[in-house]
Amino acid sequence: MEWVLAAETFAAEVLEPVAAEVDRTGRIPATHFDALAERGFYGFALSEGMRPDVLMETAATIIGGCLATGFVWAQHLGALRAVAFADNAALRERYLEPMRAGKFRCGVSYAGARSNPTLFAAPAGSGYVLTGTAPFVTGWGYVDAVATSVRLRSEDAESIATLLVPARDLDGVTAEPLPLIAADASATVRLSFGETFVERAQLIGVKSAGEFTASRGSLSGWVNGALSLGVLSRCVRQLAELGAESAAHAARYAHLRTRFAAAAGDNRAVHALRADIARAAVETAAAGVVAAGSPATIAGSTPERLMRQATFALVCTTRDPIKQALLTRLDPAPSPD
């Protein structure tokens, strides 16, 4: 299947016509997710022979069509990979095919895998008791479960467990909505767990901190780059819509897209290119504001919305090396004497 072409068609027919309305209302139509499932996008990443460039361009295209929809959907791809390679064969058998079909939709949280973890678990009976917070969980109310990393405390050692935590019918969970400057319809929340019990059957796997980091490698950081790449692609298209199409902006986007697709597995290249892409998105969005003129100052206009999205992409899903690279690129050059 030509996944990139299919994503372009889907974005043009389904997402872009109502992207402004999604942004205005703060709500994603359920039909968006149903259509993603019907067209195979929930499981496409596991398609036989999937190439990194196809994976990246497909994801970026959907995100560029509607950032909020793409932001929720993209989380599922991370959960899908976790379940596909789960140590727990019974869990994999139960959930993988429904996840591939988009009948069981998931988000992700890595709050327990950070250097300063905020979410912890302790073995208890037939499962685990979770305490702490997951400060940034996307898709709450849209998803069926969240692939959640927790810092597992035991008498012998401290490790990281990944659990497929149900998003409904859990005791001791409170969700605090987080208003976002862009993609607010993504229903992003801060989850607090107060002695919340999760069955051991929901365990995806347990790894030491070192093993967990090594297993993820640069893949997650690379996949997350689809967000800023998708925003950049939409900003480039906006210039054409405004009659201000720029060969330089289009060429920069094409160059960055090609280089980024080839950078999978190279941490250093991924961090540098994500900084380049995020900066390009802001500059291209700013060009759209200027090209539109005073109508861009109206809240909810496409140039205004894309400027917010480009700002969002500067920091969303970034890590410290990307942040430092961006700060270097945004640092003004010394003034000539």
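Predicted model: local features only at pLDDT ≥ 70, side-chain atom pairs only at ≥ 80, totals over all residues.
I started at A187, which sits in the loop between β6 and β7 (189-199); strands here are DSSP E runs of at least two residues and helices H or I runs of at least four, numbered from the N terminus. A187 is not a glycine, yet its phi is positive, about 55 degrees.

Residues are numbered from 1 along each chain, and side-chain values use heavy atoms, without hydrogens and water.

Next I looked up D169, in the loop between β5 (158-166) and β6 (173-177). D169 also has a positive phi, about 60 degrees, without being a glycine. I noted D169 as exposed because its relative accessibility is 82% (exposed is over 50%, buried under 20%, partly exposed in between, with a 1.4 Å probe on protein chains only).

Then I turned to the cores, meaning buried Ala, Val, Leu, Ile, Met, Phe, Trp, Tyr and Cys joined through side-chain atoms within 4.5 Å. The largest nonpolar core has 80 residues, and F41, W73, L130 and F312 touch the most other members. A second, separate core holds 16 residues, including L80, L96, M99 and A147.

Which residues does W73 touch, leaving out those up to four places away in sequence? I found L36, F41, Y42, F44, A59 and I62, with contact meaning heavy atoms within 4.5 Å.
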